[in-house]
Amino acid sequence: MDIILITTVIASLFVVIAAAEPFAARLRLPYSVILAVLGVMIAAGAIFFLQTDLTDALNPVAEAILGLPIRSNVFIYVFLPTLLFQATLGMNLRRMLDDWVPILTLAVVAVVVATVSVGYALYWASALPLAACLLIGSIVSTTDPSAVVSIFRSISAPRRLARIIEGESLLNDAAAIALFGLFMAFVMLGIPDPELSDAIARFPLLIAGGAVTGWFAARVAVWVMSLFARHELAQISISVALPYLAYIGAEQSIGASGVIAVVAAGLTLNLTAPGRLPPQSWANLRELWDVLAHWAGALIFILAALLIPRMLEEVRLEDFILVGVVVLAAVAARAVILFGLMPLLTLLKLSPAVETPYRVAILWGGLRGAVTLALALAVTESFRVPDGIQRVVGILATGFTLFTLLVQGTTLRWVIGRLGLDRLSPIDEALSRQVVAVALQTVREDVSRITETYDLNRDTVRSEAKRFGERLDRAVKAAEDNAEILDRDRIALGLIALAGHERDTIIARVRERTISARMAELLLSEADRLIEGARTQGRNGYQRAARRSVAYGRAFRAAAVLHGRLGVSGPLARMTADRFELLLSQRVILRDLGTFIDGRIRRIHGRRVADLLHELLSRRIEAVETALEALRLQYPGYAEELERRFIRRTALRMEEREYTTMREDGLIGTEVHTALMQGLSNRRGAAEDRPKLDVALQKAAFVTQFPLFADLDEAALKRLSKALRTRYIDAGEFIVRKDAVARSVFFIATGAVELESAGQTWRLGRGEMFGQMAILTGRARRVNVRAIAPTTLLVLDEDRFRLLLGRSAALRRAVTASAIARGIDPAGLLPFDGEEG
């Protein structure tokens with residue numbers, strides 16, 4: 001075929017892709033539906049012009065369209081990795097990790113339920129072998145969430161719900177394609193009725209092999225990309241190669257799932273690359289992948305749709321009945337997941353509560369598309385699959401896809417409207433009024449400055465100002481006097497606005513390069529949690545999210561255990577350094593928010609709400625300062641190194657701004673500016689490197705500063721630092737419970753605890769200890785001990801404590817004072833000075 005003609009056809013398809021998006025927006029239909037319809041129309045038109053006697057002028061074009069080398073391998077090895085890889089790069093993984101249980105459960109269980117339901121329904125309704133029926137079930141179990149997610153975003157549906165749907169769909173596709181490969185092998189090997197247990201047993205191996213391959217490939221890619229720190233195009237080129245090499249490596253080398261390998265590679269790159277690549281390189285990389293995925297998604301829909309007329313050429317009457325069976329079975333399987341499994345996960349507190357209207361919308365929005373058609377095409381192309389099975393698979397997959405696109409896709413927005421999901425909730429309505437009022441106030445101030453700058457006609461300015469002022473007064477009154485909104489909702493609105501401004505401030509700081517891209521990802525995730533908490537649970541949800549932002553996570557505690565018991569300090573050092581940088585960044589951001597409260601929120605919600613927000617903000621700043629001070633005490637000197645790094649990065653940003661201003665003012669030319677920026681880039685590379693933290697050395701230095709160990713010699717201190725175990729406690733967590741057996745003594749390194757016994761409470765802080773009385777008296781513990789701030793404890797077991805007690809006079813004095821304070825005679829508890837215990 002003429003290369004010029006093929007190039008013309010492909011270029012024309014890009015014109016169709018460009019026109020489809022505004023066309024879909026105008027018709028208020030899903031973009032994928034429009035692409036599929038256009039593809040079918042193009043293919044039908046080409047067939048018509050080839051068969052008609054009206055004219056032969058368009059025959060070359062029609063032949064070029066129908067003769068495009070559209071093969072399943074093109075979809076599977078070119079387009080599919082692109083779509084999956086970009087989806088993982090575009091996800092907020094740290095927020096999705098909060099919901100990994102419902103995402104993983106829904107994805108895996110949904111695929112298995114859909115495959116089995118459709119497979120057995122067809123097996124009972126047709127003469128097809130079970131393996132072929134299960135193959136069809138795996139083909140139609142893939143879902144395309146783009147339509148329902150885009151609509152959910154446009155109607156302000158809960159963000160967490162949209163994240164779960166996106167994550168579930170990504171893993172759903174991966175699991176479905178893995179099952180497809182499994183049942184395809186059974187069909188090609190001529191096994192008509194495979195044991196389902198055999199398939200399920202092989203399924204985890206496909207998943208695990210693909211995951212390990214993708215993780216390893218991504219780690220190698222990130223290492224190579226870090227070597228090309230000053231060559232952005234080289235880094236982007238490595239990222240383009242990664243998904244294809246991971247896919248082919250998993251499929252061809254170890255026989256694992258290439259789809260899972262691509263997903264694992266994308267997730268690994270998303271988690272690790274922001275901390276290893278320059279911020280601008282990471283942003284440009286993601287932008288490129290957004291464009292590639294847009295083209296790949298559109299092309300895969302159009303090219304797959306071009307095949308639909310051909311795949312339906314041999315359709316029979318009984319095939320329509322089987323398509324109906326597939327539709328009913330697939331919808332029923334989806335309903336079981338949404339109305340059976342999701343409420344169960346909610347009951348177990350593993351998933352957010354999803355209201356019935358949203359579940360109905362998700363059920364009806366389960367569209368199928370290009371992936372389903374590509375898998376069906378792979379079956380029809382295989383010479384090892386019997387002709388009869390090829391025909392049925394092609395027709396059923398195509399018919400089911402057309403039903404979801406032309407029936408469900410075109411009526412989805414109408415269904416959402418009938419469910420009442422297109423109307424704003426009262427709190428969202430109030431939020432929109434607040435946004436209008438705040439925006440108009442800012443506009444009025446800016447317009448006032450502009451009119452003064454340009455010395456416009458005073459009468460005209462006065463007339464327009466009066467007109468604009470009337471509109472502003474109406475907007476402010478609507479925001480303040482909305483009787484439908486309760487006071488607690490007004491507070492929630494203020495908190496949502498404050499968290500939103502916090503998010504904007506983080507993004508601005510990243511652009512200024514005063515905050516690293518890695519920290520920005522963490523801070524933006526925390527800001528999203530604040531917004532979501534305030535939106536769903538008001539002040540309590542906001543405060544809960546704020547406490548979580550300074551708490552020790554499970555991964556941090558696992559790293560501490562790994563360090564304490566196995567001596568592996570790498571993960572703990574890295575996470576402690578991350579915590580240092582995160583808290584310093586949080587402090588910078590939080591101190592900028594007070595002005596927003598006074599300048600914006602006070603004018604909209606009044607003094608009482610503004611004062612309350614100031615109080616909550618002060619508590620957050622205090623919590624961050626407390627956590628930061630705890631780290632300063634535990635790791636002296638390291639915080640200063642990070643602050644020096646912050647100052648250097650800020651100075652470099654200001655220097656860059658000065659050079660840019662001079663170039664724009666014409667004071668320096670392009671050549672001089674380029675040379676200056678190159679030198680600046682070299683210095684910035686050094687400033688970006690974070691100082692390393694040696695946990696073991698820092699711990700030893702910290703023990704020497706502990707007051708109770710002041711009289712120990714250097715050798716004893718060294719032995720003690722090895723014997724002490726570090727334990728990290730979040731505020732509100734119980735450390736010791738009443739009646740527990742005493743086996744350890746706790747020294748408070750940082751933070752504070754509260755002891756409660758017989759209705760009385762007292763508090764201990766840094767440098768003090770607890771737990772010693774229960775050991776020395778030989779009795780069960782009589783107190784409950786709870787942390788009242790993020791606390792770091794040094795834990796010593798009973799035997800070592802008794803040895804230490806005999807060597808340290810300072811420790812004996814502390815124990816004596818503690819016993820006297822509690823009315824206990826210290827004489828029988830410990831040896832006197834000079835005695836060995």
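Visitor: What share of the contacts between residues at least 6 apart in sequence joins residues at least 24 apart?

Guide: In this predicted model, 78% of those contacts join residues at least 24 apart. A contact here means heavy atoms within 4.5 Å.

Visitor: And what is the protein built from, in helices and strands?

Guide: There are 32 helices and eight strands. Of the 837 residues, 51% count as buried.

Visitor: Let's take single residues. Why is L299 called buried?

Guide: Buried means under 20% relative accessible area. L299 has 13%, so it's buried. You'll find L299 in helix 13, residues 279-306.

Visitor: What does L299 touch, leaving out residues up to four places away in sequence?

Guide: L299 touches L13, F14, I17, F79 and A304. There's also F75: L299 and F75 are 224 residues apart in sequence, yet 9.5 Å apart in space, C-alpha to C-alpha.

Visitor: R391 carries a charge, so to speak, on its label. Why does R391 count as buried?

Guide: Its relative accessible area is 14%, and the cut-off for buried is under 20%, so R391 is buried. R391 belongs to helix 18, residues 387-418. Setting aside neighbours within four places in sequence, R391 is in contact with E314, R316 and D319.

Visitor: On to the rings. How many aromatic pairs are there?

Guide: Five aromatic pairs. One of them is Y77 with Y247.

Visitor: What makes the pair of Y77 and Y247 edge-to-face?

Guide: Two checks. Ring centres have to lie within 6.5 Å to pair, and Y77 and Y247 are 5.2 Å centre to centre. Planes over 60 degrees apart count as edge-to-face; here there are 80° between the planes, so edge-to-face is the call.

Visitor: Why is that pair said to tie together parts that are apart in sequence?

Guide: Y77 lies in helix 4 (residues 72-89) and Y247 in helix 11 (residues 232-253), so the pair ties together parts 170 residues apart in sequence.

Visitor: Are Y77 and Y247 buried or partly exposed?

Guide: One of each. Y247 has 3% relative accessibility, so it counts as buried.

Visitor: Why is the pair of Y120 and W124 called tilted?

Guide: Their planes meet at 50°. Under 30 degrees would be stacked and over 60 edge-to-face, so the pair is tilted. The centres are 5.9 Å apart, and the limit for pairing is 6.5 Å.

Visitor: How far apart are Y120 and W124 along helix 6?

Guide: They're four residues apart in helix 6 (residues 100-125), which means about one helical turn. Y120 is partly exposed at 25%, while W124 is exposed at 69%.

Visitor: What sits over the ring of F734?

Guide: The charged end of R737, 4.2 Å from the ring's centre. The distance limit for that is 6 Å.

Visitor: Last stop, the surface. Which residues form a nonpolar patch there?

Guide: W215, F216, V220, W223, L227 and F228, with about 650 Å² of accessible area together.

Visitor: Why does F216 count as exposed?

Guide: Exposed means over 50% relative accessible area, and F216 has 53%, so it counts as exposed. F216 has its place in helix 10, residues 196-227.

Visitor: And what is the accessible surface of the protein?

Guide: About 39800 Å², of which 58% belongs to carbon and sulfur atoms.

Technical notes
Residues are numbered from 1 along each chain as its sequence is written. This is a predicted model: local features need pLDDT of at least 70, side-chain atom pairs count only at pLDDT 80 or more; totals for chains, interfaces and linings use all residues. Side-chain values use heavy atoms; hydrogens and water are left out. Patches are made of residues with over 30% relative accessible area and no salt bridge: like charges are joined within 9 Å, nonpolar side chains (Val, Leu, Ile, Met, Phe, Trp, Tyr) within 5 Å. Accessible areas come from the Shrake-Rupley method with a 1.4 Å probe; for residues, only the protein chains shown count as cover. A salt bridge is a side-chain nitrogen of Lys or Arg within 4 Å of a carboxyl oxygen of Asp or Glu. Helices (H or I, at least four residues) and strands (E, at least two) are DSSP runs, numbered from the N terminus. Buried means under 20% relative accessible area, exposed over 50%, partly exposed in between (1.4 Å probe, protein chains only). Rings of Phe, Tyr and Trp (its six-membered ring) pair if their centres lie within 6.5 Å; planes under 30 degrees apart count as stacked, over 60 as edge-to-face and the rest as tilted. A charge sits over a ring if NZ of Lys or CZ of Arg is within 6 Å of the ring centre and within 35 degrees of the ring normal.
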